[in-house]
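Have the view open as you read, and take the points in order.

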Amino acid sequence: MVETVVTVERTTTTTGPPGGNPSASNNGNFWSAIRLNLDYFKTAPGLIKIVQLILGIICMACASPAQAAATSFFLFAVVLSFIITFLLIAAYFLGIREALNVAVNWIFSELLTTAVLTLLYFIAFIVQLARWSETYVPGRAANVTAGVFGLFNFLAYAAGTYFLFLAHRSGATH
């Protein structure tokens, strides 16, 4: 398991802007600590996150608009996973995890989140395929395709969970 580590050096300014609010200068420290981190996306976990995002877009495109309650649940799972994955990608890309100085075990938090999304995708693709595999109705092909891509994305989330588990087991916190 390859873990990308970004070292962020923080500096504190004790003087405020002339004639202004002294806390205004401290807001710049957070933004100055933000660095673009493209190296993470050259690792297996980074590539898996990109695959998850792309497969999520395909699932949304194939299943929309929802023509059944099962498809509504499937789209709920897909959109929720897409939003969370997008936010994680943004956090890794901008180095926000390193810029924030909070005592959070990021690997464990992401492991729990990804495990829940994996379970949600597992239930969602089964419900989607079970609903649309019955008989021929208009829109069946696109919805079955969405279910199959949901299966692929479930496997991608399972792989992401596995890599996060390995990282957590090795004692990594960032």
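1. The axes of H3 and helix H5 (residues 106-132) come within 9 Å and cross at roughly 150 degrees. An angle over 145 degrees counts as roughly antiparallel, so H3 is roughly antiparallel to H5. H3 passes H5 in a left-handed crossing. Please bear in mind from here on that this is a predicted model.

2. Which residues make this contact? From H3 come Ala70, Thr71, Phe73, Phe74, Phe76, Ala77, Val78, Leu80, Ser81, Ile84, Leu88 and Tyr92, and they meet Glu110, Thr113, Leu117, Leu120, Tyr121, Ile123, Ala124, Phe125, Val127, Gln128, Arg131 and Trp132 of H5. Sorted by class, the contact of H3 with H5 has 18 nonpolar, four polar and two charged residues.

3. Is serine 81 buried or exposed? Its relative accessible area is 0%, and the cut-off for buried is under 20%, so serine 81 counts as buried. Apart from neighbours within four places in sequence, serine 81 touches Leu117, Tyr121 and Tyr157. Leu117 and Tyr121 are among the H5 residues in the contact with H3.

4. Now turn to the other partner of H3 described here. H2 and H3 pack with their axes 9 Å apart, at an angle of about 150 degrees. H2 and H3 are therefore roughly antiparallel to each other, and H2 passes H3 in a left-handed crossing. On the H2 side the contact is made by Lys49, Ile50, Gln52, Leu53, Gly56, Ile57, Cys59, Met60 and Ala63; on the H3 side the residues include Phe74, Val78, Val79, Phe82, Thr85 and Tyr92. By class, the residues of the contact of H2 with H3 are 15 nonpolar, four polar and one charged.

5. Valine 79 lies in helix H3 and is partly exposed, with a relative accessible area of 33%. How far apart are valine 79 and glycine 56 in space, C-alpha to C-alpha? They are 7.5 Å apart, although 23 residues separate them in sequence.

6. Do look at the loop between H2 and H3, where proline 65 is found. The peptide bond that joins serine 64 and proline 65 is cis, with omega about -10 degrees.

7. H2 also packs against H6. The angle of H2 with H6 is about 160 degrees, and their axes are 9 Å apart. That makes H2 roughly antiparallel to H6, and the crossing of H2 and H6 is left-handed. The residues of this contact of H2 with H6 divide into 17 nonpolar, seven polar and no charged.

8. Glutamine 52 belongs to helix H2 and counts as buried, at 6% relative accessibility. Leaving aside its neighbours within four places in sequence, glutamine 52 is in contact with Thr85, Asn153, Ala156, Tyr157 and Gly160. Tyr157 is also in contact with serine 81.

9. At 44% relative accessibility, serine 133 counts as partly exposed. Serine 133 and asparagine 143 are ten residues apart in sequence, and their C-alpha atoms are 9.2 Å apart in space.

10. Stepping back, how many helices and strands does the protein have? There are six helices and zero strands, and along the sequence the pattern reads α-α-α-α-α-α. Of the 174 residues in the protein, 34% are buried. Among contacts with a separation of 6 or more, 75% are between residues 24 or more positions apart.

11. Finally, a word on confidence. The mean pLDDT of the protein is 84, and 80% of its residues reach 70 or more. Confidence is highest in helix H2 (residues 44-63), at a mean of 96, and lowest in helix H1 (residues 23-33), at 53. Over residues 14-26 the pLDDT is below 50, and this stretch has eight contacts in the model beyond near neighbours in sequence. Where pLDDT is low, the predicted coordinates should not be read in detail.

How values were computed. Residues are numbered from 1 along each chain as its sequence is written. This is a predicted model: local features need pLDDT of at least 70, side-chain atom pairs count only at pLDDT 80 or more; totals for chains, interfaces and linings use all residues. Side-chain values use heavy atoms; hydrogens and water are left out. Buried means under 20% relative accessible area, exposed over 50%, partly exposed in between (1.4 Å probe, protein chains only). Contact means heavy atoms within 4.5 Å. pLDDT is the predictor's confidence in each residue, from 0 to 100. Helices (H or I, at least four residues) and strands (E, at least two) are DSSP runs, numbered from the N terminus. Axes are lines fitted to C-alpha atoms, for helices over the stretch in contact, and angles run from 0 to 180 degrees between N-to-C directions. Angles under 35 degrees count as roughly parallel, over 145 as roughly antiparallel, 65 to 115 as roughly perpendicular and the rest as oblique. A crossing is left-handed if the near helix is turned anticlockwise from the far one by less than a right angle, and right-handed if clockwise. Ala, Val, Leu, Ile, Met, Phe, Trp, Tyr, Cys and Pro count as nonpolar, Asp, Glu, Lys and Arg as charged, and the others, Gly among them, as polar.
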